Amino acid sequence: DAGITQSPRHKVTETGTPVTLRCHQTENHRYMYWYRQDPGHGLRLIHYSYGVKDTDKGEVSDGYSVSRSKTEDFLLTLESATSSQTSVYFCANANGRNGYTFGSGTRLTVV
Amino acid sequence: GQNIDQPTEMTATEGAIVQINCTYQTSGFNGLFWYQQHAGEAPTFLSYNVLDGLEEKGRFSSFLSRSKGYSYLLLKELQMKDSASYLCAVTWNQGGKLIFGQGTELSVKP
């Protein structure tokens, strides 16, 4: 029973096209996060949400937007994909002292 | 900034003990997490420290010194399956953001 799922798992897209990644949680956690992971940089926070329609920027938010219209869904949009946005994207939700639970990741390639 | 520093790589022998250190900015510190990540997989939660001292969970222990901005993860009786990246992550009093260090790649050799 995956508490947090991401879709798609893999995507190849062309430079300049918009791309939306979806994160879905089955729990009712208030906080949700989007990270990207690249060699040599570790996990970097893109955007996060602290409730429906409440979002804020992270460390590397340029070129990305997010939306949270329902508690269970947190969408990440690349407005116009660039090759520098080729990465593995992880969604997470906050579970208090039990840490943050991560989805399985989306591998995005921009060609 | 919110610099979190940990060694890039470490190597240890099966059956041995290894300590992975992490230092962070102390101002506004809230709590510290350790995660394990195997190649191609998502990070998984190992431990959470908010007060000074040692938290023990089986073969894994995590230590925190709030005044020194220092934590370590101690892995005992190393097994080959412990070869993974170990991520130190910190929350500060800024609305729940979890910020990660670059991770320490641990290789366990026979």
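The side chains of Asp38(A) and Ser87(A) make a polar contact at 2.7 Å. A polar contact is a pair of N or O atoms within 3.5 Å; within protein, one must be able to donate a hydrogen and the other to accept it, and residues adjacent in sequence count only if both atoms are side-chain atoms. The model is predicted: local features need pLDDT of at least 70, side-chain atom pairs count only at pLDDT 80 or more, and totals for chains, interfaces and linings use all residues. Side-chain values use heavy atoms, without hydrogens and water, residues are numbered from 1 along each chain as its sequence is written, and chains are lettered from A and ligands numbered from 1 in the order in which they are written.

**Around Asp38(A)**

Asp38(A) sits in strand E4 (residues 32–38) of chain A. Strands (E, at least two residues) and helices (H or I, at least four) are DSSP runs, numbered from the N terminus. Asp38(A) has a relative accessible area of 11%, so it is buried. Buried means under 20% relative accessible area, exposed over 50%, and partly exposed in between (1.4 Å probe, protein chains only). Leaving aside neighbours within four places in sequence, Asp38(A) is in contact with Arg44(A), Thr86(A) and Ser87(A). Contact means heavy atoms within 4.5 Å. Asp38(A) also forms a salt bridge with Arg36(A). Both residues of that pair are buried.

**Salt bridges**

A salt bridge is a side-chain nitrogen of Lys or Arg within 4 Å of a carboxyl oxygen of Asp or Glu.

| Pair | N to O distance |
|---|---|
| Arg22(A) and Asp73(A) | 3.2 Å |
| Arg36(A) and Asp38(A) | 2.8 Å |
| Glu56(B) and Lys76(B) | 3.8 Å |

The side chains of Arg22(A) and Asp73(A) meet in a salt bridge. Arg22(A) lies in strand E3 (residues 19–25) of chain A and Asp73(A) in strand E8 (residues 73–78) of chain A, so the pair ties together parts that are 51 residues apart in sequence. Arg22(A) is partly exposed, at 35% relative accessibility. Asp73(A) is buried, at 8%. A network of salt bridges links Arg22(A), Lys70(A) and Asp73(A).

In chain B, the side chains of Glu56(B) and Lys76(B) meet in a salt bridge. Glu56(B) belongs to strand E6 (residues 53–57) of chain B and Lys76(B) to the loop between E8 and E9 of chain B, so this pair joins parts that are 20 residues apart in sequence. Glu56(B) is exposed at 55% relative accessibility, whereas Lys76(B) is partly exposed at 28%.

**Interface of chain B and chain A**

In total, 21 residues of chain B are in contact with 21 residues of chain A. The area buried between the chains is about 1,600 Å², and carbon and sulfur atoms give 57% of that area. Buried area is the accessible area (1.4 Å probe) that two parts lose on being put together, summed over both. How many salt bridges does the rule find across the interface of chain B and chain A? It finds zero. It does find three residue pairs in polar contact, both residues at pLDDT 80 or more. On the chain B side, the elements that give two or more residues are strands E4 (29–37), E5 (44–49), E9 (84–92) and E10 (98–100). The residues of that side divide into eleven nonpolar, seven polar and three charged.

**Nonpolar cores**

A nonpolar core is a set of buried Ala, Val, Leu, Ile, Met, Phe, Trp, Tyr and Cys residues joined through side-chain atoms within 4.5 Å. The largest has 42 residues; those with the most contacts inside it are Tyr35(A), Phe102(A), Leu32(B), Leu75(B), Tyr86(B) and Phe100(B). E9(B) gives the most to this core, with seven residues. Apart from it lies another core of 17 residues, including Leu21(A), Ile46(A), Ala81(A) and Tyr89(A).

**Backbone exceptions**

Most residues other than glycine have a negative phi, and most peptide bonds are trans. The bond from Ser7(A) to Pro8(A) is cis, with omega near -5 degrees. Pro8(A) is in the loop between strands E1 (4–7) and E2 (10–13) of chain A. Lys53(A) has a positive phi, near 65 degrees. Its loop runs between strands E5 (42–51) and E6 (54–57) of chain A. Lys53(A) is exposed at 66% relative accessibility. Glu77(B) has a positive phi of about 45 degrees. Glu77(B) is in the loop between strand E8 (70–75) and E9 of chain B, and is exposed at 53%.

Methods: Ala, Val, Leu, Ile, Met, Phe, Trp, Tyr, Cys and Pro count as nonpolar, Asp, Glu, Lys and Arg as charged, and the others, Gly among them, as polar.
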